[in-house]
Amino acid sequence: MLEHATQIQVRFYELDPYNHVNHAVYLAYFETARIRALESVGMGLDQLDSKGFRIVVTNVDVAFKVPILAGEAVTVRTAVVEVRRASHHWRQEIHSPRGVAVAMDLRAAMTDLDGKPVRVPDFFREAVGG
């Protein structure tokens, strides 16, 4: 299955009043890492779009463990855990200098360009290791 690591440097405007990364920012970190992981196997959003497919997030489950602080560099580890007929399951973790700071399980569906759910195409399944 696809595994990828993305480095992200915390920026000052992502902080809450307590000098921690704001909880909503973590979703952007996770999305950035998923896009980079897909690009690393030739499945960037533009490539998928040109083939008539889109990925739509259907569910996220986020666990916050320790705060990420101003100025820290973090690593987002991304893995495709399972590919089903019309969906896929991703596991992502953000690692800070103090260990796993945030973990997320995500489910996504494959759609056509009109948003209609479709089967995961074989080329995508092969690229992510499903």
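Modeller: Buried means under 20% relative accessible area, exposed means over 50%, and partly exposed lies in between (1.4 Å probe, protein chains only). H89 has a relative accessible area of 16%, so H89 counts as buried. This is a predicted model: local features need pLDDT of at least 70, side-chain atom pairs count only at pLDDT 80 or more, and totals for chains, interfaces and linings use all residues. Residues are numbered from 1 along each chain as its sequence is written, and side-chain values use heavy atoms, with hydrogens and water left out.

Biologist: How many helices and strands does the protein chain have?

Modeller: Both are DSSP runs, numbered from the N terminus: helices are H or I with at least four residues, strands are E with at least two. The protein chain has three helices and five strands. From the N terminus, their order is β-α-α-β-β-β-β-α. The radius of gyration is taken over C-alpha atoms, and the globule rule is 2.2 Å times the number of residues to the power 0.38. Here the radius of gyration is 15 Å, close to the 14 Å that the rule gives for 130 residues, so the protein chain is as compact as a globular protein of that length. Its C-alpha atoms fill a box of roughly 45 × 25 × 20 Å along the principal axes.

Biologist: What share of the protein chain is buried?

Modeller: Buried residues make up 38% of the 130. Take contacts between residues at least 6 apart in sequence: 67% of them join residues at least 24 apart.

Biologist: Which residues of α1 are buried?

Modeller: An α-helix has 3.6 residues a turn, so residues three or four places apart point the same way. In α1 the buried residues are V25, Y26, Y29, F30, A33, R34, A37 and L38. They pack against β1, β2, β3 (73–83), β4, β5 (99–111) and α3 (122–128).

Biologist: How does the span of α1 compare with what is expected?

Modeller: The expected span is 1.5 Å times one less than the number of residues. α1 has 16 residues and reaches 23 Å from its first C-alpha to its last, close to the expected 22 Å. Just after α1, G42 takes a positive phi of about 75°.

Biologist: Back to H89. Which side chain does H89 meet in a polar contact?

Modeller: A polar contact is a pair of N or O atoms within 3.5 Å; within protein, one must be able to donate a hydrogen and the other to accept it, and residues adjacent in sequence count only if both atoms are side-chain atoms. H89 makes one with the side chain of D105, at 3.0 Å. H89 sits in strand β4 (residues 87–96). Beyond four places in sequence, its contacts are A79, V80, V81, E82, D105, L106 and R107.

Biologist: Which ring does K51 lie over?

Modeller: A charge sits over a ring if NZ of Lys or CZ of Arg is within 6 Å of the ring centre and within 35 degrees of the ring normal. K51 lies over the face of F123, at 4.9 Å from the ring centre.

Biologist: What phi does N19 have?

Modeller: N19 has a positive phi of about 70°, although it is not a glycine. N19 lies in the loop between β1 (3–9) and α1. N19 is partly exposed, with a relative accessible area of 44%. Beyond four places in sequence, N19 is in contact with I68, L69 and A70.

Conventions:
Contact means heavy atoms within 4.5 Å.
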